[in-house]
Amino acid sequence: MKRTKSLYFRNFLHTALIVVMSFLLLGGAFTYAGYRMVLRQQEQSMLSVANQYVRSISAFHASFSLDSFEVKIITNTIGSASDADILVADPDGVIVSCSDSDFPCEHTGKAVSAETIASLQSDNRFGRTNLDGVYGEKKNVVCRPILARNFDTGEETVLGYVFLSSRQSVAAVLWREYLLVFLILAAGVMLLSFVLSYFTTKKQTDPIRQMAGAAEKFAKGDYTSRVDYRGGIHEIDALADAFNKMADSVEQSENNRREFVANVSHELKTPMTSISGFADGILDGTIPRSRQNEYLSIISSETKRLSRLVRSMLDMSQLQAREPGAVLDKTFDLCEVMRLALLSLEHKITDKGLDVDAQLPEEAVMVRGEQDAINQVVYNLIDNAAKFAPRGSVLRLAVWKQTGKAYVSVENDGETISPEELPLIFDRFHKTDKSRSQDRDGVGLGLYIVKTILDNHGEDIFVTSRDGVTRFVFTMTVAEK
């Protein structure tokens, strides 16, 4: 099975690698630069001491020889003052004096070849050598000739050579100090990076873990979980907000689905129970022949109601599949739609003895939208008004324009809808108890379809009901000429 690494581990690993690489590069560069600087300082210091020694010996060369006790004292004094090892050799390279306290020292009598002496003097700087075995290990050595000048002729004679080396490697000591400082700083920064990476990554991954947990709950049917996160990180905050909005949408969709299934089951149950009961009563003889036509009529009415329910559900499904605003590329006359809807409902209005007060402009009111869909909106609103208006009352219709919008009003007299019911009348399958007794043929989807069509057009609809007058008003966008 493939092993996966956590976000925290990945972030920490990347941070640690960056810190280590940075310290390696910077530490190496500074250490190398410091090492080279120390070597240059050591070289200059050794050359200065060697030149000072040469001047001191040259000043007294006529008084004593290089292997004399006086030279030994000068060599020890300058060696102790400069913390350096000093060897003095004759012109043939044989060691005759040393700055060691022992007398004679272990170096006395050993010889340095002419090639080694020449190579040490060629660059006027120190070289790395063991002086042909004089030292047991290689050291940084400076070699300067001890010269005697003949003031009469101006010629210089080589009396011998002085070899000077540092008693301890200052560069090595500094290197160790640099390395120790580097390791301490690297450990401190690594620890600080570890702590900061831990808290930063934990802060970043908390909402992701919450989202993962919420997603698992969603998979099990629990749609109430949300991500509670405000960490000040814009991207993570935006992700958490988007997740919560998605969760709200999923929960709302699930609630709508459950409500829809419950409502459909309820709406189907009533007519199907009636149809089944009356059909069984006719078949088994419970209902006498003299009343069979009456019950067959009820069965026919309930069957038509089921047909209307299915047709309305199909219309609703088609409306929900449309993209909002996709129907705004057409224009039509809103007043003409009102007249056509009145003609379609003329029979129903006449049978109920209703009067119509239609205040429609004589000129065309051109609006944007799909004519057939808005025709259904107007038809449903007028049909609904006629259905609940008392016999012999007046239906009042009006169309007017205001600030780039066209307004349509459908008003009827009747029972006042309670304030508690008004926000619910556009819900699917919603019916008040009073309307159920009057609306035996309705399926509770008419106003929901009206609201869905207007939402797809980006329009609004308002309803008021007070003092026995109920009024629906919806808007349409006026088409530019």
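**A close look at S465**

Analyst: Let's begin with a contact made by one serine: a polar atom of the side chain of S465 lies 2.8 Å from the backbone nitrogen of I417. Keep in mind that this is a predicted model. The side chain of S465 also has a polar contact of 3.0 Å with the side chain of T470. If we leave out residues up to four places away in sequence, S465 touches E415, T416, I417, L422 and T470.

Is S465 buried or exposed? Its relative accessibility is 11%, and buried means under 20%, so S465 counts as buried.

Now let's step back to the strand around this serine. S465 lies in strand β11, and β11 covers residues 461–466. This strand belongs to an open sheet of five strands, ordered β7-β9-β10-β12-β11, with mixed pairing. The edge strands are β11 and β7 (residues 355–359), each of which pairs on one side only. On average, neighbouring strands of this sheet are turned by 15° against each other, ignoring direction.

Further into the sheet, strand β10 (residues 405–413) and strand β12 (residues 469–477) run antiparallel and are joined by nine bridges.

Helix α7 (residues 334–344) lies across β7, β9, β10 and β12, and runs at about 170° to β9 (residues 394–402).

Another helix worth a look is α9, residues 371–388. Several residues of α9 are buried, among them A373, I374, V377, L381 and A385.

Elsewhere in the chain there is another open sheet of five strands, in the order β2-β1-β5-β4-β3, and here the pairing is antiparallel. Its edge strands are β2 (95–98) and β3 (127–129), and each pairs on one side only. Neighbouring strands in this sheet are turned by 40° against each other on average, again ignoring direction. Within it, six bridges link strand β1 (residues 84–89) to strand β5 (residues 156–166) in the antiparallel sense. One of the residues to look for is A89, whose bridge partner in β5 is Y161. Helix α3 (residues 114–122) lies across β3, β4 and β5, and makes an angle of about 95° with β4 (139–149).

Finally, here is the protein as a whole. Its secondary structure comes to eleven helices and twelve strands. Of its 481 residues, 38% count as buried, and S465, where we started, is buried. The protein exposes about 28,200 Å², with carbon and sulfur atoms supplying 55% of that area. Among contacts between residues at least 6 apart in sequence, 65% join residues at least 24 apart.

Technical notes: Residues are numbered from 1 along each chain as its sequence is written. This is a predicted model: local features need pLDDT of at least 70, side-chain atom pairs count only at pLDDT 80 or more; totals for chains, interfaces and linings use all residues. Side-chain values use heavy atoms; hydrogens and water are left out. Helices (H or I, at least four residues) and strands (E, at least two) are DSSP runs, numbered from the N terminus. The expected span of a helix is 1.5 Å times one less than its number of residues. Buried means under 20% relative accessible area, exposed over 50%, partly exposed in between (1.4 Å probe, protein chains only). Contact means heavy atoms within 4.5 Å. Accessible areas come from the Shrake-Rupley method with a 1.4 Å probe; for residues, only the protein chains shown count as cover. Two strands pair if DSSP finds at least two bridges between them. Axes are lines fitted to C-alpha atoms, for helices over the stretch in contact, and angles run from 0 to 180 degrees between N-to-C directions. A polar contact is a pair of N or O atoms within 3.5 Å; within protein, one must be able to donate a hydrogen and the other to accept it, and residues adjacent in sequence count only if both atoms are side-chain atoms.
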